[in-house]
Amino acid sequence: MAAFNLTPSESLTFILIGIPGLEAAHVWISIPIFMMYIIGLLGNFTLLFVVGHEQTLHKPMYLLLCMLALIEIETTTSVVPQTLCILWFNWKGITMEGCLTQMFFFHTGSMTHSGILVTMAFDRYVAICNPLRYTIILSNARLAKLGLLVVMRAVLIYLPMPLLLWRLPFCANRIIRNTYCDHISLVKLSCGDITVNSLYGLLIGFIVSGFDLMFIALSYSLIIKAVLMSSKKAHQKALNTCTAHVSVMLMSYPPAYISIMTHRFGQGIAPHVHIILANLYFLLPPLLNPMVYGVKNKELRDKVGKYTRRR
């Protein structure tokens, strides 16, 4: 018979084993993770600094970029320090509270990231399809309210997750085959009825994210329709305006869905592949997004260049 935990939840300790099968290479694996994390932080903090100090960049598009940068810093910082402690120092223990807190901030950050991408798609739609009313429809005050709404949506949707997990009994074997705490891994360790937890996780993963993707697709279908009815010059301007946002979406959604699908249904895939994919999911967007916008946006690139030349 499985050994159930009957002690108070706060006394529980879980073991994060890192990347199973590659324990001997943990130190080497930590090097690219550390480098990607530091470069991502540097790029996002540079973006925040430049936009914050340049009054001419206090526009909806750049403020949305700042929101995206803040969320990417929060999401990676909720996970990467813990991962590096496992890979460098073999510090594998984490309490129930620490595990649920990490899970909440990571998942909430991921959903907020998706919500900001939806808002950015709406921003591009208004800029291209209704340019004369752009500053009225998307004023800075209204944008701040939209940002708050996106954060509140993520918090309210993910708040039940740790509460539902807190009520579950856990078996004696509390080993998490990952570098961080996530909902699926914790649910699999429970000896109780996990039906509600599994269904809730699937609903969030597919319905909410599916709604976000549908809204983005609708925005871009309206943009394409408007562009096809305009001049060649407008075609080029719209392409330049939307390329960076589309690139960011391609770096965010496919890795997320591949990670979720392989974790839930990829029983034949080696465990270390699951974990490497999951780590790339939250490491790549913060690393590449500042570079994409820095390359594609001339105004932002010039402002960054101005500060670089000063140094």
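This briefing describes a nonpolar surface patch and several salt bridges in a predicted model. Local features need pLDDT of at least 70 and side-chain atom pairs count only at pLDDT 80 or more, whereas totals for chains, interfaces and linings use all residues. Residues are numbered from 1 along each chain as its sequence is written, and side-chain values use heavy atoms, with hydrogens and water left out.

**Nonpolar patch**

- Trp28, Ile31, Phe34, Met35, Ile38, Ile39, Trp88, Phe89, Trp91 and Met291 make a nonpolar surface patch of about 1,000 Å²; patch residues have over 30% relative accessible area and no salt bridge, with nonpolar side chains joined within 5 Å.
- Helix H1 (26-53) gives the most to this patch, with six residues, and helix H3 (80-89) also supplies at least two; helices are DSSP runs of H or I with at least four residues, and strands are runs of E with at least two.
- Tryptophan 91 sits in the loop between H3 and strand E2 (93-95) and is exposed, with a relative accessible area of 53% (exposed means over 50%, buried under 20%, and partly exposed in between, using a 1.4 Å probe and protein chains only).

**Salt bridges**

- The whole structure holds four salt bridges, each defined as a side-chain nitrogen of Lys or Arg within 4 Å of a carboxyl oxygen of Asp or Glu.
- Glutamate 54 pairs with lysine 303, their closest N and O atoms being 3.5 Å apart; glutamate 54 lies in the loop between H1 and helix H2 (60-77) and lysine 303 in helix H12 (residues 298-310), so the pair ties together parts 249 residues apart in sequence.
- Aspartate 123 and arginine 124 meet in a salt bridge at 2.6 Å, N to O, and aspartate 123 is buried at 2% relative accessibility, as is arginine 124 at 7%.

Terms used
Patches are made of residues with over 30% relative accessible area and no salt bridge: like charges are joined within 9 Å, nonpolar side chains (Val, Leu, Ile, Met, Phe, Trp, Tyr) within 5 Å. Accessible areas come from the Shrake-Rupley method with a 1.4 Å probe; for residues, only the protein chains shown count as cover.
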